[in-house]
Structures are given as structure tokens and as C-alpha cells.
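Visitor: Could you walk me through this structure and show me how to read its features?

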Amino acid sequence: MKFIRSLSIRVFSVSFFQLAWNLRSKALMMVTACLLASPLFAVSAKAQFDDLLKRIPSSANSLVVIDVTAMHASPLARKDGWLKKHEAAYVERPIYLPPEADKIILAAQINMSNELRENWELAVMDLKEPIPMRSIARAEGGYVDSINGLHAAWTPSDAYFVRLNTSVMGVMHPANRQAVSRWAEFGRNSDSAVVSPYLKQATKRVRSGGPQIAMAIDLNDIALPHQLQESLEQSEVLKGNKTKIKELFDVISGIQGATFTVKVGSKAEGELRIDFDSDTAKFSNFAKPLVLEVLDKFGAYVEDLEKWKSELQGKSIILSGTLSNDGMRRVFSILEIPTTKFSELKDTDLSPGSPEAVAKASLTYFKSVTVLTEDLRKYLKTHKDNHSVYNERYARKIDRLPILNVDEDLLDYGSQVAETLRSISLAKRGAGARAGVRNSSLYGNYNYNYDSNNNYYSRRSNASVKIQNQTEERARATGVRFTSWKEIEDATAAIRRQMTKRYQIEF
């Protein structure tokens with residue numbers, strides 16, 4: 001009803017302007033201007049995303065809201081040709097935005113206690129023009145399906161496309177057909193947003209003249225008391241300051257969420273806001289170092305943030321500054337469209353590839369894989385830890401590269417690279433699991449000293465043993481990383497020689 005009302009208002013406004021012009025009445029033009037400036041005619045960012053937001057399940061704890069049209073219209077996007085570059089080379093862009101979409105909401109249920117692993121993820125997008133499911137299935141190497149009365153397409157990248165209505169398309173990962181059916185039914189019957197209030201608030205951050213992207217994670221009730229206490233005691237920033245640890249334990253226990261916004265003009269300006277249910281003054285000079293330490297622990301560190309300014313504002317910690325293309329690419333690898341191969345189909349020849357077409361598609365695929373691996377390698381050179389989050393997310397990016405007309409041997413190479421990155425990630429997670437097993441006998445050594453608020457845990461007497469166990473297991477994981485990267489380098493050199501010889505072009 002809001003959309004119909006808005007459309008009616010716009011039609012009425014155009015007619016009113018024409019009448020005013022024809023009458024050349026200055027007074028009438030002034031009245032018209034006043035009417036158009038009134039709240040009746042204003043379309044808020046919230047209203048713009050309402051139809052997409054109501055299709056997000058209540059179990060989502062993270063969102064990314066993107067005004068694609070506004071992003072593509074920014075000076076930086078125009079200068080760097082984000083819209084003009086072919087989809088297959090999308091990895092060169094700091095964030096992938098389908099040119100067919102006007103607005104997008106990405107959502108996921110992220111397990112914060114398991115290194116940001118996702119239980120599910122989905123995207124809903126408002127399309128400028130419909131995309132046939134048959135074309136999507138052909139480009140993705142999948143097949144057309146029908147789910148709950150809706151046109152759909154299954155894809156080998158473990159995602160389902162669903163045409164939710166004539167202008168809205170959904171994508172869900174993993175391709176659990178029953179889950180997709182229930183999600184489609186939910187979206188069909190939902191008449192209002194059911195996500196948490198914190199996530200609803202994120203949609204309001206994207207507005208005309210303001211940020212074009214907002215990423216929000218609901219962290220309410222996320223902190224396990226004993227794990228929080230242990231993390232604070234092991235913090236290099238706090239260095240065992242018991243008074244400060246107790247103060248910050250109380251504040252951090254009430255964390256509400258984190259919102260990351262990006263405003264793209266001639267450059268990208270970012271803001272990270274972390275919200276609590278109480279005043280943040282107790283953080284004093286510890287705020288920024290603690291935020292960076294936590295991001296590093298989660299394996300989601302972004303170097304740009306080191307140069308950002310920080311401030312305490314009421315119940316929030318705010319970091320802000322310039323965001324590089326590499327920084328954007330890493331931030332938005334945390335949550336992204338479940339697959340990207342479908343895009344720009346109108347410019348793609350879906351017929352069986354000629355040798356020239358195969359050579360071109362294969363070269364683009366190879367360059368895309370090398371861009372991703374070099375970007376990840378550059379990041380890991382400055383960070384000693386095996387960050388499982390980025391390794392896993394970049395492996396997923398390789399899985400989701402366009403494969404139409406790509407040489408089969410090259411696809412095998414890409415799959416091997418992705419699996420190797422996952423092995424690095426699994427080595428890091430395995431190190432954590434092994435350290436947990438070694439430390440399991442230490443979990444009986446808690447001394448429960450409750451404060452007046454009944455929520456404080458004392459330091460574990462043998463925490464130093466745990467730290468030693470973790471250090472040893474991390475060293476083992478680091479050895480796996482070095483060996484694995486050597487395998488990637490060898491495989492890349494071999495496939496480059498093979499493809500160059502086969503197609504007589506330089507790979």
C-alpha cells in the first residue's frame with residue numbers, strides 16, 4: 001500500500017507541475033514546492049527497503065543493506081568503472097554489486113562463537129528488469145525448478161534462486177530445498193519486518209546523501225560470561241588490570257551490536273559503531289585498541305582501522321576514517337551475495353563456447369583466482385596468525401566465480417586452490433579444537449566470586465597453561481599454512497604454463 005500510495009503521489013506531482021508550468025503561475029509553483037517538500041511526499045530509506053526487509057526471517061542476526069544505484073552513481077564507482085567492468089572480473093571491485101539490481105539486502109545467521117561461520121545466508125534484491133530462471137540455470141550450470149509455486153533455479157554453487165515476484169529475486173545458500181520453500185512461503189505471507197530492532201535500525205542508516213551501505217550484526221546476549229572474563233584477562237591491551245577488567249566486563253556484557261557503514265563519494269569513508277546498553281566512558285583510552293584486538297581474535301582484522309579516529313559517544317564506541325578497496329573487499333567478504341555468476345546475462349553468449357570464447361573465459365577466470373589469492377597473501381604477510389575467516393570466505397569467492405565456457409582443467413585448479421584455502425582454515429580451527437581438548441581438564445578450576453550484580457567470574461588459577469597449549473597448537477597450524485601456500489604457488493605456475501601452451505595467449 002505504501003508503494004501504491006507513493007506511486008500515486010509521484011504521478012500526481014508530475015501532473016501538478018505540468019499544470020503549474022502551463023499556467024505560468026508563480027504562486028501556484030510556490031504552493032507545489034511546499035507540498036513536495038512536505039513529509040507526505042518524502043520517501044525515506046526505511047520505506048525504500050521495507051518490501052525487501054519483510055522477507056528476512058527473524059532468525060537472521062546480521063544484515064547488509066545496499067543502495068546499488070546510489071553506489072554506482074558515486075564518483076569513485078564511475079572513475080574506477082565498477083559498472084562497466086565485466087562480471088567475471090568482479091573480484092577487482094571492492095564489493096560486487098549486480099548491475100541489474102536497484103537495492104539489495106543480504107542476511108545471514110552467523111555463529112559468533114564459531115569464528116563467524118554461517119548457518120545460512122540469503123539475498124533479496126529489487127531488480128530493474130526480470131532475469132529468466134532458464135538463463136540463470138544455464139549460466140550457473142544448474143537447472144530450472146519450481147518451489148512452492150515459484151520459478152526457481154538450482155545451481156552447483158549450492159544456492160537456489162527464486163523469483164519471489166516480478167521485480168524481486170531471492171538467492172539462498174545452502175540449497176536446502178525445503179528451507180527455501182519455507183522461506184518463500186514466509187516472504188509471501190509476511191506483511192512487516194520481523195528481524196530484531198537492532199537490525200531494523202541499520203536500514204535507516206542508508207539514505208539519500210548518506211551511506212550507501214550498512215552492515216549490522218546483532219550481538220545482544222552473545223557473550224558467555226566465563227569466556228568474556230577469560231578473554232579480558234588474556235587481553236594484551238588490558239595486561240591483567242583487574243580493576244579495568246571488572247569495569248569493562250559489566251559494560252561489554254551488555255553489548256547490543258555493531259554497525260559498519262560506508263559512504264562512497266570520491267573515496268570511501270567508513271564508520272564502525274559498537275553499541276552497548278550502558279555508557280562507554282569506562283573504556284577511556286582502551287576503546288580502539290580493544291576493538292582492534294577483538295577483530296584480530298575473530299580473524300576479521302582490517303588494517304585501515306589502525307589509522308581511523310575513535311571516540312566515545314554515549315553508549316557507543318565509534319571508529320571512522322577512509323576505507324581502501326582492499327579493506328572494503330575484506331569487510332564485505334564476511335557477508336555477500338550467495339552467488340554472482342548469474343549477473344549481466346544480457347551481455348553473455350550462452351551458446352556452447354568457441355575456442356576463442358573458451359580462451360577468453362578461461363583467462364578471466366584465471367586472473368580472478370590470482371587476484372583473490374594475491375589479495376589474501378598480501379594480507380597474511382602482515383599477520384602471523386592463520387585467519388580462518390578470510391581463508392574460508394576467499395575459498396567461497398573462488399567457488400562462486402563464473403564458470404561458463406571455462407576450461408575444465410582450469411576449473412579443477414580453481415577447486416584445488418579453494419580446497420587448499422579451506423584446509424588452512426580447518427587447520428586453524430583444528431588448532432583451537434585440539435587446544436580445547438588439552439585444556440578440558442582445566443575447566444574445573446574456576447573460583448566463582450560473584451559481585452553485587454551477581455555476574456563476575458574470577459581468574460582461573462592455571463590460565464597460563466591454557467595459553468601455552470594454544471600457542472603450541474597455533475604453531476602447528478602456521479606450519480600447515482606455509483606448506484599449503486607453497487602448494488598453491490606450484491599449482492598456479494603449472495596451470496599457467498599449461499593454459500598458455502593450449503590457447504597460445506599469455507596467462
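**Reading the model**

Guide: Let's start with Arg55, which counts as buried because its relative accessibility is 7%. Buried means under 20% relative accessible area, exposed over 50%, and partly exposed in between, with a 1.4 Å probe and protein chains only. Please keep in mind that this is a predicted model, where local features need pLDDT of at least 70, side-chain atom pairs count only at pLDDT 80 or more, and totals for chains, interfaces and linings use all residues. Residues are numbered from 1 along each chain as its sequence is written, and side-chain values use heavy atoms, leaving out hydrogens and water.

Visitor: Where is Arg55 placed, and which residues is Arg55 in contact with, leaving aside its neighbours within four places in sequence?

Guide: Arg55 sits in the loop between α3 (45-53) and β1. Helices (H or I, at least four residues) and strands (E, at least two) are DSSP runs, numbered from the N terminus. Contact means heavy atoms within 4.5 Å. Leaving aside neighbours within four places in sequence, the contacts of Arg55 are Val124, Leu164, Asn165, Val168, Trp183, Phe186 and Gly187.

Visitor: How do I read a sheet, and in what order do the strands come here?

Guide: Strands of a sheet pair through backbone hydrogen bonds, either parallel or antiparallel. By the rule used here, two strands pair if DSSP finds at least two bridges between them. In this model 12 strands form an open sheet with antiparallel pairing, in the order β4-β5-β6-β7-β3-β2-β1-β8-β9-β10-β12-β11. Its edge strands, β4 (143-147) and β11 (309-313), each pair on one side only. From one strand to the next, the twist averages 15°. Helix α6 (residues 133-140) packs on the sheet, touching β4, β5 (150-155), β6 (159-163) and β7 (168-173), and its direction makes about 5° with that of β5. Axes are lines fitted to C-alpha atoms, for helices over the stretch in contact, and angles run from 0 to 180 degrees between N-to-C directions.

Visitor: Why is strand β10 largely enclosed by the rest of the structure?

Guide: Strand β10 (residues 268-276) is largely enclosed because 7 of its 9 residues are buried. Strand β9 (residues 255-264) pairs with β10 in the antiparallel sense over 9 bridges, and a hairpin joins the two through 3 residues. Within that pairing, Gly257 stands opposite Asp275 in β10. β10 also pairs in the antiparallel sense with strand β12 (residues 316-323), over 8 bridges. There, Leu272 stands opposite Leu319 in β12.

Visitor: What about a helix: is α14 mostly covered or uncovered?

Guide: An α-helix has 3.6 residues a turn, so residues three or four places apart point the same way. Helix α14 (residues 388-399) is mostly covered, with 11 of its 12 residues buried. The buried residues include Tyr390, Arg393 and Ile398. From its first C-alpha to its last, α14 reaches 17 Å, close to the 16 Å expected at 1.5 Å a residue. That expected span is 1.5 Å times one less than the number of residues.
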